[in-house]
Amino acid sequence: MSIRPLRHDDLPPLLALYAHLHTADAPPPSEAVAQQVWQEMLANPRICCFGGFASGTLVASCTITTIPNLTRACRPYAVIENVVSHAGHRQQGWGRRLLQAALDLAWAQGCYKVMLLTGRADDAVFRFYEGAGFSRHGKQAFIARPPG
């Protein structure tokens with residue numbers, strides 16, 4: 001198992017991996033749009049996309065974003081999103097290792113908390129995240145989506 005921050009040339013395998021994140025999603029963007037967003041993400045020192053590699057192949061990923069904050073003695077907080085493992089590599093420890101890398105980065109940056117949301121209502125998923133150090137009882141999440 002190899003975990004590292006993703007780089008410029010990791011975009012095509014990352015986009016392919018995201019097919020394992022949602023069974024139904026909006027149509028993928030054009031290659032030019034995806035490349036523009038990827039460059040923006042890579043240039044932002046507050047965003048890190050970690051990748052898990054098996055024999056050089058990207059099989060898992062997550063993204064952590066650190067957010068500046070004026071409360072909690074100006075300590076930042078972080079949000080983890082897009083936690084995904086290739087269907088053929090699940091239940092092998094990839095998710096836990098990626099989340100640990102993301103948490104290690106957050107703690108090294110002085111974050112006072114890290115938040116993670118999941119759209120899955122599966123108790124096994126909840127237990128997985130709890131086993132990785134997250135609590136489902138700490139706060140209540142509310143989500144707004146654009147109208148239409």
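The legends below describe close-up views of a predicted model.

Residues are numbered from 1 along each chain as its sequence is written, and side-chain values use heavy atoms, with hydrogens and water left out. Because the model is predicted, local features need pLDDT of at least 70 and side-chain atom pairs count only at pLDDT 80 or more, whereas totals for chains, interfaces and linings use all residues.

**View 1. The largest nonpolar core.** This core has 22 residues, where a nonpolar core is a set of buried Ala, Val, Leu, Ile, Met, Phe, Trp, Tyr and Cys residues joined through side-chain atoms within 4.5 Å, and buried means under 20% relative accessible area, with exposed over 50% and partly exposed in between (1.4 Å probe, protein chains only). Phe50, Ile64, Ile80, Leu99, Val114 and Phe134 have the most contacts inside the core. At least two core residues come from each of strand E2 (47–54), strand E3 (57–67), strand E4 (77–85), helix H3 (94–108), strand E5 (114–116) and helix H4 (123–131); helices (H or I, at least four residues) and strands (E, at least two) are DSSP runs, numbered from the N terminus. Helix H3 supplies the largest share, seven residues. In soluble globular proteins, nonpolar side chains tend to be buried together.

**View 2. Ile64 and its contacts.** Contact means heavy atoms within 4.5 Å, and residues up to four places away in sequence are not counted here. Among the residues that Ile64 touches are Ile47, Phe50, Ile80, Ala102 and Leu105. A second, separate core of 10 residues includes Leu11, Leu14, Trp38 and Cys49.

**View 3. The largest pocket.** This pocket has a volume of about 1,200 Å³. On a 1 Å grid over the protein atoms alone, a pocket is an open set of points where a 1.4 Å probe fits, with protein on both sides within 12 Å along at least five of seven lines, and lining residues have an atom within 4 Å of a point. Grid points are joined across faces, edges and corners, and a volume is the space filled by probe spheres set on the points. Of the 31 lining residues, Val83, Thr118, Arg120, Val125 and Tyr129 are the closest to the centre of the pocket. The elements E4, H3 and H4 give two or more residues to the lining, and E4 gives the most, with six.

**View 4. The second largest pocket.** About 690 Å³ of space lies in this pocket, and of the 20 residues that line it, Leu116, Leu117, Ser135, Arg136 and Lys139 are the closest to its centre. H3, E5 and H4 are the elements that give two or more residues to this lining.

**View 5. Arg4 and Ser2 in strand E1.** Arg4 is found in strand E1 (residues 2–5) and is buried, with a relative accessible area of 19%. Its side chain makes a polar contact with the side chain of Asp10 (2.8 Å); a polar contact is a pair of N or O atoms within 3.5 Å, of which, within protein, one must be able to donate a hydrogen and the other to accept it, and residues adjacent in sequence count only if both atoms are side-chain atoms. Ser2 also has its place in strand E1, but Ser2 is partly exposed, with a relative accessible area of 35%.

View 6. Asp122 caps the N-terminal end of H4, with a side-chain oxygen 2.8 Å from the backbone nitrogen of Ala124. H4 is followed by Gly133, whose phi is positive, near 110°.
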